[in-house]
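Colleague: I have the model on screen and would like to go through it with you. Please start wherever you like.

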Amino acid sequence: MDRHEEMMLLALKEAKKAYLLGEIPVGCVITSSSGEVIATGHNCPISSNDPSAHAEIVALRKAGEVLLNYRFPECSLYVTLEPCCMCVGAIVNARIGRVFYGAREPKFGACGSVFNLIDDPCHYSHPDVRGGILNSECSSLIQEFFIMRRLQKKSHS
């Protein structure tokens, strides 16, 4: 198992925390250039009543507190699901150097699936992006979540 897979496994642990809260199971880990974990986060917009509380935003906020800065050019961000437009905006503004994601997001993905916002030439920062890390594990968790959610809705009606 390589370093990227190890970090994605940590992001999956975060995603499982979101799952247990009834949130869409997305998890995120931010590491330093040496590979040290700086911050983690998981989706919590429902439980926090905050539409911006996506895993990436939560982790970026924590990283800022740890690093006492708002820019992280030497850092890597690992997330279980391809970032959306909002999260890509935050990633680009934070000047994250590298983005690694697990599953593609066919409805809202902004790293090439639906939009390619992360590579927009208007941005000052262009992180290196690599998707598909532990894709099946990341995809399976999200699929399981939505199957369970549909079953719960069906049983309530």
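Modeller: Leaving aside neighbours within four places in sequence, Thr80 is in contact with Met8, Ala11, Leu12, Ala15, Pro25, Val26, Gly27, Gly102, Ala103 and Cys138. Contact here means heavy atoms within 4.5 Å.

Colleague: Before going on, what kind of model is this?

Modeller: This is a predicted model, in which local features need pLDDT of at least 70 and side-chain atom pairs count only at pLDDT 80 or more, while totals for chains, interfaces and linings use all residues. Residues are numbered from 1 along each chain as its sequence is written, and side-chain values use heavy atoms, with hydrogens and water left out.

Colleague: Back to Thr80, then. Where is its place, and is Thr80 buried or exposed?

Modeller: Thr80 belongs to strand β3. Its relative accessibility is 1%, so Thr80 counts as buried. Buried means under 20% relative accessible area, exposed means over 50%, and partly exposed is in between, using a 1.4 Å probe and protein chains only. Helices (H or I, at least four residues) and strands (E, at least two) are DSSP runs, numbered from the N terminus.

Colleague: How many residues lie between Thr80 and Gly102 along the chain, and what separates their C-alpha atoms?

Modeller: Thr80 and Gly102 are 22 residues apart along the chain, and 4.5 Å separates their C-alpha atoms.

Colleague: Which helix holds Ser136?

Modeller: Ser136 sits in helix α5. With a relative accessible area of 47%, Ser136 is partly exposed.

Colleague: Now the sheet. What is the strand order?

Modeller: The order is β2-β1-β3-β4-β5, in an open sheet of 5 strands with mixed pairing. The edge strands, each pairing on one side only, are β2 (37–42) and β5 (128–130). On average, neighbouring strands of this sheet are turned by 15° against each other, direction ignored. Two strands pair if DSSP finds at least two bridges between them. Axes are lines fitted to C-alpha atoms, for helices over the stretch in contact, and angles run from 0 to 180 degrees between N-to-C directions.

Colleague: In which sense do β3 and β4 pair?

Modeller: Strand β3 (residues 76–81) and strand β4 (residues 98–103) pair in the parallel sense, over 5 bridges. Val79 stands opposite Tyr101 in β4.

Colleague: And how many bridges join β1 to β2?

Modeller: There are 5 bridges joining β1 to β2, and these strands run antiparallel. β1 and β3 also pair in the antiparallel sense, over 4 bridges. Ile30 stands opposite Ala39 in β2 and opposite Leu77 in β3. The hairpin of β1 and β2 has 5 residues between the strands, and Gly35 there takes a positive phi near 95°.

Colleague: How many residues of β1 are buried?

Modeller: In β1, 5 of its 5 residues are buried. Gly27, Val29 and Thr31 point one way from the strand, whereas Cys28 and Ile30 point the other way. In a regular strand, side chains alternate between the two faces of the sheet.

Colleague: Which helix lies across β1, β2 and β3?

Modeller: Helix α3 (residues 55–67) lies across those strands, running at about 150° to β2.

Colleague: Changing topic, how much space lies in the largest pocket?

Modeller: The largest pocket holds about 620 Å³ of space. On a 1 Å grid over the protein atoms alone, a pocket is an open set of points where a 1.4 Å probe fits, with protein on both sides within 12 Å along at least five of seven lines; lining residues have an atom within 4 Å of a point. Grid points are joined across faces, edges and corners, and the volume is the space filled by probe spheres set on the points.

Colleague: Which residues lie nearest its centre?

Modeller: Ile24, Leu81, Glu105, Ile142 and Phe146 lie nearest the centre, out of 25 lining residues. The largest share of the lining, 6 residues, comes from α5. Both α2 (45–48) and α5 (135–156) supply at least two residues each.

Colleague: Finally, where is Cys84 found, and which residues does Cys84 contact beyond four places in sequence?

Modeller: Cys84 is in the loop between β3 and α4 (85–93). Beyond those sequence neighbours, Cys84 is in contact with His54, Phe108 and Ala110. Cys84 counts as buried, at 15% relative accessibility.
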